[in-house]
Amino acid sequence: MDDIRISKIGLGTWLLGGDVKANINNNDEKDLNAIKYAIKNGINHIDTSESYSGGKSEILIGQSIKCFERNKIFIATKVREWNLSYDKLILSCMKSLKRLDTNYIDLYYVHKQNKAIPIEETCKALNYLLEKGFIKNVGLSNVGIETIEKFNLLLDKQVYAVQNQYNLICRESQVKGIIEYCRKNNIKFICWRPILLSYPGVSDPMYKKGTYPVLDEMAKKYHVSNVQVVAKWLLQQDNVYIIFKSNNIKHIQEILETQNFNLSRKDWQILNYNFPIQFDRGCASNEFYEVS
Ligand SMILES: NC(=O)c1ccc[n+]([C@@H]2O[C@H](COP(=O)([O-])OP(=O)(O)OC[C@H]3O[C@@H](n4cnc5c(N)ncnc54)[C@H](OP(=O)(O)O)[C@@H]3O)[C@@H](O)[C@H]2O)c1
């Protein structure tokens with residue numbers, strides 16, 4: 001079970017079922033079909049959190065995976081920073097298991113750090129869950145190297161994955177050497193928000209045609225869309241995995257089609273070095289996140 005090969009392309013589920021709360025008018029059928037479509041087409045890695053749509057995202061995943069063999073699917077969920085004390089963390093995990101309707105979670109992330117709770121206490125709870133088989137692996141999200149090392153000293157099983165924001169614009173993990181560190185230490189690097197920022201009513205046009213000429217030119221050259229170039233730039237990096245959100249089957253198809261082309265080494269580097277990186281987009285890793 002631990003050896004399941006996770007697909008480089010994973011499905012994120014933020015905004016499935018609602019946003020911070022469940023949406024009673026949500027089109028559940030559309031969300032369920034999207035998850036099933038993704039799995040049928042080779043995406044075995046599904047990402048969620050206890051907080052997405054107030055837990056509804058986990059419920060939708062639980063319902064979608066019923067028609068597949070459980071051991072062929074890799075479910076990642078997260079415990080929020082306000083639930084990192086020993087008792088709360090274990091309770092959170094039990095609730096996620098119930099919503100996901102499964103008896104184990106493949107990858108259990110600490111969503112963000114919380115200065116008020118000692119890492120020792122959090123790791124004690126994670127070690128308990130590992131020992132009992134409720135979780136198969138531990139991940140960390142929104143972290144830097146120092147935090148990864150602290151967790152690794154205290155966990156009974158090495159950190160399996162780090163999930164930070166990383167895309168053509170937001171390069172903090174690249175600049176700080178986190179991606180390289182993960183590669184050298186056999187920790188999977190999972191990018192959240194690989195494509196664009198989207199929130200109800202707010203859609204960021206950063207990858208739409210006409211915004212970045214270098215991207216438009218690349219898309220034209222390879223006869224693909226801007227989004228496909230953006231995803232491919234990430235996917236061609238060793239040990240880099242993406243989780244993109246979509247409940248639109250055409251969009252899922254489009255991301256899967258990135259498997260049909262490769263950027264040349266030179267073009268990959270043109271994007272790497274000539275893309276206007278923005279450091280003020282709120283993509284800082286939340287290593288020093290304070291929880292009130
Ligand atoms: N660890 C963390 O703190 C953290 C934070 C944020 C997100 N995440 C995880 O990362 C996942 C991805 O991040 P994200 O949801 O913020 O952003 P994202 O996946 O980069 O972008 C999602 C947006 O892209 C659109 N999209 C997807 N495929 C497309 C395509 N082929 N063409 C055009 N638009 C397309 C989606 O719309 P449609 O649905 O209409 O396709 C949605 O509006 C989340 O779902 C979540 O699981 C983790």
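The dialogue below treats the strands, then a helix, then the core.

Modeller: Please note that this is a predicted model. Strands of a sheet pair through backbone hydrogen bonds, either parallel or antiparallel.

Biologist: Over how many bridges do strand β7 and strand β10 pair?

Modeller: Strand β7 (residues 188-192) and strand β10 (residues 240-245) pair over 3 bridges, in the parallel sense. Phe189 has Val240 of β10 as its bridge partner.

Biologist: Why is α9 described as largely enclosed by the rest of the structure?

Modeller: Of its 10 residues, 10 are buried, so α9 is largely enclosed. Among the buried residues are Asn226, Gln228 and Lys232, as well as Trp233. The cover over the buried residues of α9 includes β7, β10, α8 (213-222), α10 (249-256) and α11 (265-274).

Biologist: Which residues have the most contacts inside the largest nonpolar core?

Modeller: In soluble globular proteins, nonpolar side chains tend to be buried together. The largest nonpolar core here has 77 residues, and Tyr108, Val162, Ala231 and Ile242 have the most contacts inside it. Helix α9 (residues 226-235) gives the most to this core, contributing 7 residues. Leaving aside residues up to four places away in sequence, Ile242 touches Ala231, Leu234 and Leu235, and also Ile9, Gly10, Cys191 and Pro194.

How values were computed
Residues are numbered from 1 along each chain as its sequence is written. This is a predicted model: local features need pLDDT of at least 70, side-chain atom pairs count only at pLDDT 80 or more; totals for chains, interfaces and linings use all residues. A nonpolar core is a set of buried Ala, Val, Leu, Ile, Met, Phe, Trp, Tyr and Cys residues joined through C-beta atoms within 7 Å. A residue is buried if 20 or more other C-beta atoms lie within 10 Å of its own, exposed if 12 or fewer, and partly exposed in between; C-beta atoms are placed from the backbone. Helices (H or I, at least four residues) and strands (E, at least two) are DSSP runs, numbered from the N terminus. Two residues are in contact if their C-beta atoms, placed from the backbone, lie within 7 Å. Two strands pair if DSSP finds at least two bridges between them.
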